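Open the model in your viewer and keep the selection tool at hand. This tour goes stop by stop, telling you what to select and what is there.

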Amino acid sequence: MFLNCGKLFLRTCVARSRHVVGRPSAGVCASHICTNSLEGFTHRSSSTKRGFLRLKMARSSLDSMREASTGTLMVTEPLNFWAGKRVKPRQETNPEPVFEPATGRVLCQLYPCGAEEVDQAIKSAHSAYLQWSKLAGTERARVMLEAARIMREKRDNIAKLEVINNGKSISEALVDIDVAWQSIEYYAGLAGALAGQHVQLPGGAFAYTRREPLGVCVGIGAFNYPFQIATWKSAPALACGNAMVFKPSPMTPVTAVILAEIYKEAGVPDGLFNVVQGGAETGSLLCHHPMVAKVTFTGSVPTGKKVMEMSSKGVKHVTLELGGKSPLIIFKDCDFENAVKGALMANFLTQGQVCCNGTRVFVQREIMPKFLEEVVKRTKAIPVGDPLLESTRMGAMISKPQLEKALRYVAQAKKEGARVLCGGEPYVSSDPKLKDGYFMSPCVLDNCTDDMTCVKEEIFGPVMSVLPFDTEEEVIARANNTTYGLASGVFTRDISRAHRVAANLEAGTCFINNYNISPVEVPFGGYKMSGFGRENGQVTIEYFSQLKTVIVEMGDVESVF
């Protein structure tokens, strides 16, 4: 999924040093920082030759992130969190290594939660839910706004940790954290506005509705936006009075627990937002647990189908935000400069690992040569490398298997007749610490046809497939010829055409003269096999609450007996 705001992204890249976005409010004292939030992190000191130095601090070890750099951090503290604190694994056996994408070295060990641990986390969440759900919406809002304030205060260090765990560039990660606190603020604003409806009935009777929370919700996140997805799922859930147990991707387990500590510091009841670590087996335990009321999942279509099937056994509420193979349509009357920039934004953010990316770029034939020349020139100029450098615009892919998978798609495309205009190869940095990182040069494919594998299947890597088209009717039919329906885009100066095309594209989102912006105020979700339900916007309240009807008789009962 794509969780970035384009204008905010550019403003942050240019003006990060001025903290245009997310400046801590005046009067925030340094002591207002949670203790022990990252106490188990270690980093290699430049002044020692004895390897990795463990940092034990009374204050938040997030502060130590200022000294950390690519290839220096080790995570040793437990990554599970429930009942208001980090929890050590019950059994420290069969650990799964978690890798730092930029270096390929082991960042930490992951110990999957078993049945007993999942049960403890869910029961802790249920206990907190009983307290939280009784608060007025305005009371919940005050706590959530405090969480957003704390997040702004810790923004830079959270972003740095996200980069080390995920591999994306720091310029993107900073925006991810900004969008995260904005999401919490937005839903805090809605918490106090939750209301029902009064209905007058004959004879003086009346009815009213109550919007009530669901209970314990499970969130299952993806690796491409670890911290932000945790926030996108938890903010509306908590605003409605629910509790949440969140399972991050086993490839990016590190930052979700930071969110849990931020919520705790802000004042939520212990257990309101819990984190359990693990893979498919842990996810299955969560989906089958009888005390879980809802599961919200972000990830692949095959896994989404399994989540839906498992949750159906308990008739649980489900939201699925799944994959995509989205079309981006560029008409010859477009603003050419914006169209080129839009195509780059639609394909290369987060190393192309964004499920709503516009990876099928349809360009009207008359401008195809000019477009290819310009987009290839700019793609070649994308700075790839150390993701913690402010000059970097493309970091490392999430894992070696994901890198190899993307490279195989490029090789298959060549076999099927596509022409590689640039990239599509492992990127080897001159920096020795990055020699084992999972880097790939961004790729543009020409001579593509609709039946090619690279055009039909989601690659989840920095690969843009460019296809020519002639007429509006033709390109709409081709754009819709997919099982996916997450997003779409159109570039044109013709306002009538823009709205006509948007109305006919079968996708949950259509961008007009832009791509991959996703403000928290507007809903995001898919059509067809890209899932159902929505995240963001007011409508998401409906997916984290339920409606109760109360009918009040003011007179005598009329009985037929």
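What follows is a walk through a predicted model, from the whole chain to single residues.

**Stop 1: the whole protein**

Begin with everything shown as a cartoon. There are 16 helices and 23 strands to find. Now colour by burial. Of the 561 residues, 60% are buried. Next, think about contacts. Among those between residues at least 6 apart in sequence, 75% join residues at least 24 apart. Switch to a surface view.

**Stop 2: the largest core**

Which residues have the most contacts inside the largest nonpolar core? Select Met151, Phe227, Phe273, Ile330, Phe371 and Val466. The core they belong to has 139 residues. Helix α5 gives the most to this core, with 14 residues.

Stay with Phe273 for a moment. Leave out residues up to four places away in sequence, and show what Phe273 touches. The list includes Phe81, Met244, Phe246 and Tyr263. Ala230, Ala256 and Ala260 are also among the residues it touches.

Then move to the second core, which is separate and has 29 residues. Among them are Ile329, Phe331, Cys443 and Met452.

**Stop 3: salt bridges**

The structure holds 31 salt bridges.

Start with Glu100 and Arg105. Their side chains meet in a salt bridge, at 2.9 Å from N to O. Is Glu100 buried or exposed? Glu100 is buried, at 1% relative accessibility. Arg105 is buried too, with a relative accessible area of 17%.

Go on to Arg155 and Asp178. The closest N and O atoms of this salt bridge are 2.8 Å apart. Arg155 lies in helix α4 (residues 155-166) and Asp178 in helix α5 (residues 170-191), so the pair ties together parts that are 23 residues apart in sequence. Both ends are covered: Arg155 is buried at 2% relative accessible area, and Asp178 is buried at 0%.

Now pick Arg497 and Asp333. Here the salt bridge spans 3.7 Å from N to O. Where do the two partners sit? Arg497 is in helix α15 (residues 495-504), while Asp333 is in the loop between β15 (327-330) and α10 (336-348). The pair therefore ties together parts 164 residues apart in sequence. Arg497 counts as buried, at 18% relative accessibility. Asp333 counts as partly exposed, at 24%. Salt bridges that share partners join Asp333, Glu472, Arg497 and Arg500 into one network.

**Stop 4: cysteines**

How many disulfides does the structure hold? The count is 0. Select Cys240 to look at one case. Cys240 is in no disulfide, and the nearest cysteine sulfur, that of Cys217, is 8.5 Å away. A disulfide needs two cysteine sulfur atoms within 2.5 Å. Cys240 is buried, at 3% relative accessibility. Cys334 is another cysteine to click on: it is buried, with a relative accessible area of 5%.

**Stop 5: two asparagines with positive phi**

Select Asn94 first. Its phi is positive, about 50°, although Asn94 is not a glycine. Asn94 is found in the loop between β5 (85-87) and β6 (96-99). With a relative accessible area of 67%, Asn94 is exposed.

Then jump to Asn536. Phi of Asn536 is near 75°, again a positive value in a residue other than glycine. Look for Asn536 in the loop between β22 (531-532) and α16 (540-543). Is Asn536 buried or exposed? At 0% relative accessibility, Asn536 counts as buried.

**Stop 6**

Finish on the outside. Zoom in on Ile551, which sits in strand β23 (residues 545-552). Ile551 counts as exposed, at 65% relative accessibility.

Note on methods. Residues are numbered from 1 along each chain as its sequence is written. This is a predicted model: local features need pLDDT of at least 70, side-chain atom pairs count only at pLDDT 80 or more; totals for chains, interfaces and linings use all residues. Side-chain values use heavy atoms; hydrogens and water are left out. Buried means under 20% relative accessible area, exposed over 50%, partly exposed in between (1.4 Å probe, protein chains only). Helices (H or I, at least four residues) and strands (E, at least two) are DSSP runs, numbered from the N terminus. Contact means heavy atoms within 4.5 Å. A salt bridge is a side-chain nitrogen of Lys or Arg within 4 Å of a carboxyl oxygen of Asp or Glu. A nonpolar core is a set of buried Ala, Val, Leu, Ile, Met, Phe, Trp, Tyr and Cys residues joined through side-chain atoms within 4.5 Å.
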